[in-house]
Amino acid sequence: MSESPQAVDHPEVARPHLLYVAWGYPPCRGSGVYRAWATANAFVAAGWDVTVLTVPREVFTMSTGVDESLERTVDPAIEIVRVPFDSAAFENDLHRWSWLRATVPELWNVMNARREKRSFPESTYGSWRPALEEAALAVHRRHPVDLVLGTANPHVDFTPGLRLYKDHGIPYVMDYRDAWQLDVFSGARVSAANSDVARWEKELIDHAHAVWFVNEPILQWHAQLYPEAADRFRVVANGYDSAPEPGGASTGPGLVFGYLGTLSAAVPVDRLVEGWKAARARSDLLAASRIELWGHLNHVGTPNEAIARQLEHFAANDIAYCGPVPKHEVSQVYGRFDALLLVLGTGRYVTSGKVYEYAATGLPIVSVHDPRNAASDVLQDAPSWFPVSDINDTDAIADALIAAADAAQRQTTAERDAARGWAEQFQRARQLDPQIAALRAFVDNRSTTR
């Protein structure tokens with residue numbers, strides 16, 4: 001584990017206590033875990049006692065997979081309470097399946113979904129609520145909690161905050177890494193206004209001290225749905241944790257274009273491949289270049305079959321899938337690249353945490369995604385950004401790749417350093433520290449006025 005950062009001295013209150021709720025916490029390697037890891041560590045560095053409620057480690061070995069290198073960087077001052085979690089979705093041992101599940105899976109799935117949603121309207125995770133709330137109450141009894149912060153999804157992570165608020169008047173913050181009622185790809189509302197999900201979300205937001213969102217479009221969508229609570233909404237963007245190693249290391253006749261991130265079904269790799277083939281037919285530089293794809297083939301342990309089927313065709317186009325990357329090796333992998341590929345699913349509300357890390361390299365970035373994605377808002381002033389004008393236009397993708405290749409070949413060290421300097425605004429600490437400071441002032445004031 002990492003060495004604990006120097007705590008900040010606050011004379012008003014001796015180390016307030018944060019209860020942080022995160023289903024996905026190290027050694028989980030799933031979506032959003034870096035935000036959870038960094039947030040808990042940042043509160044410790046700011047002078048808080050932190051207790052984390054999460055699931056047993058073995059849950060991740062059966063679902064998302066694990067990154068033990070990330071787990072070793074959890075601040076040792078954090079107390080981790082692993083709350084028992086039992087979900088059929090992560091039960092892969094057929095010997096433990098019931099007769100009904102094994103013989104009539106369709107009926108069993110319907111019955112199980114109803115059982116899981118009985119406590120909380122969220123498939124797979126809803127049944128965790130009773131154990132999670134009891135664990136929160138137990139933590140509060142032995143070490144009184146000053147603030148609860150839940151990060152979602154899953155959205156059951158928000159329920160301990162509401163429970164401690166109702167029982168003991170403890171304030172809570174909701175951190176939306178994604179959205180519950182909004183499909184960030186289509187922009188559609190996915191729950192009816194009279195649904196259990198809508199009722200739960202309204203009650204949670206009504207009583208929350210603050211609600212965090214990762215970008216302005218998602219915040220504005222929720223502000224329209226809950227105008228009476230909008231003054232408590234905050235954008236707390238993702239960011240990079242440490243600047244990656246400088247890239248541009250290629251010494252051969254061609255360049256290395258790199259992608260680092262999860263290759264989920266939403267990532268339009270097929271569009272990238274078609275554009276790459278077209279670009280290589282038009283550019284001698286790209287004909288001598290290659291693509292390296294790094295990352296898991298899905299957000300969970302099961303590979304994305306659509307991507308896996310394409311792997312056998314990659315070699316003919318000098319595209320290599322290089323596998324997942326542990327946290328401690330991320331910087332070295334960026335050092336292999338001359339230019340970066342930001343390949344994202346389409347959606348006005350999609351940012352991606354990787355966009356900030358990409359910017360921090362100072363390398364040319366090719367945005368292979370819909371121009372309306374929220375990631376475009378982040379990069380619009382980037383010194384070396386090459387957006388695709390139409391994700392469905394192969395020639396437009398080829399144009400961006402060719403332009404980025406030319407820029408990468410010409411880029412000087414001074415230009416790269418300037419781009420890295422521009423990206424310093426996206427350091428994660430710059431997103432989190434002001435919010436943590438505001439929460440500390442609120443907790444201190446609340447303590448002195450009680």
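Mentor: Let's begin with Ile 319, which, once its neighbours within four places in sequence are left aside, is in contact with Val 273, Trp 276, Ile 291, Leu 293 and Phe 314. Contact means heavy atoms within 4.5 Å. This is a predicted model, in which local features need pLDDT of at least 70 and side-chain atom pairs pLDDT 80 or more, while totals for chains, interfaces and linings use all residues. Residues are numbered from 1 along each chain as its sequence is written, and side-chain values use heavy atoms, with hydrogens and water left out.

Trainee: Why is Ile 319 called buried?

Mentor: Buried means under 20% relative accessible area, exposed over 50%, and partly exposed in between (1.4 Å probe, protein chains only). Ile 319 has 6%, so it counts as buried. Its place is in strand E10, residues 319–323; a strand here is a DSSP run (E) of at least two residues, a helix one (H or I) of at least four, both numbered from the N terminus.

Trainee: What are the distances between Ile 319 and Leu 293, in sequence and in space?

Mentor: They are 26 residues apart in sequence, and their C-alpha atoms are 7.5 Å apart in space.

Trainee: What makes Arg 15 and Ser 352 partly exposed?

Mentor: Arg 15 has 30% and Ser 352 has 24%. Both values lie between the two cut-offs, so both residues are partly exposed. Each also has a positive phi without being glycine: near 45 degrees for Arg 15 and near 85 degrees for Ser 352.

Trainee: What makes a group of residues a nonpolar core?

Mentor: The members are buried Ala, Val, Leu, Ile, Met, Phe, Trp, Tyr and Cys residues joined through side-chain atoms within 4.5 Å. In the largest core, of 79 residues, those that touch the most other members are Leu 19, Tyr 20, Trp 48, Val 50, Leu 53, Met 174 and Phe 233. Helix H1 gives the largest share of this core, 8 residues. A second, separate core has 63 residues, including Ile 319 and Val 388.

Trainee: Which residues line the largest cavity, and why is it called a cavity?

Mentor: On a 1 Å grid over the protein atoms alone, a cavity is a set of points where a 1.4 Å probe fits but cannot get out, and lining residues have an atom within 4 Å of a point. The lining is Ala 359, Gly 362, Leu 363, Ile 365, Leu 379, Ala 382, Pro 383, Ser 384, Ala 419 and Trp 422. The volume, the space filled by probe spheres set on the points, is about 60 Å³. The structure holds 2 cavities of 30 Å³ or more.

Trainee: Where are the cis peptide bonds you mentioned in the heading?

Mentor: One joins Pro 26 and Pro 27, with omega about 15 degrees; another runs from Asn 153 to Pro 154, with omega near 0 degrees.

Trainee: And which residue caps the N-terminal end of H9?

Mentor: Asn 215 does, with a side-chain oxygen 2.9 Å from the backbone nitrogen of Ile 218. Ile 218 is among the buried residues of H9.

Conventions:
A polar contact is a pair of N or O atoms within 3.5 Å; within protein, one must be able to donate a hydrogen and the other to accept it, and residues adjacent in sequence count only if both atoms are side-chain atoms. On a 1 Å grid over the protein atoms alone, a cavity is a set of points where a 1.4 Å probe fits but cannot get out, and a pocket is an open set with protein on both sides within 12 Å along at least five of seven lines; lining residues have an atom within 4 Å of a point.
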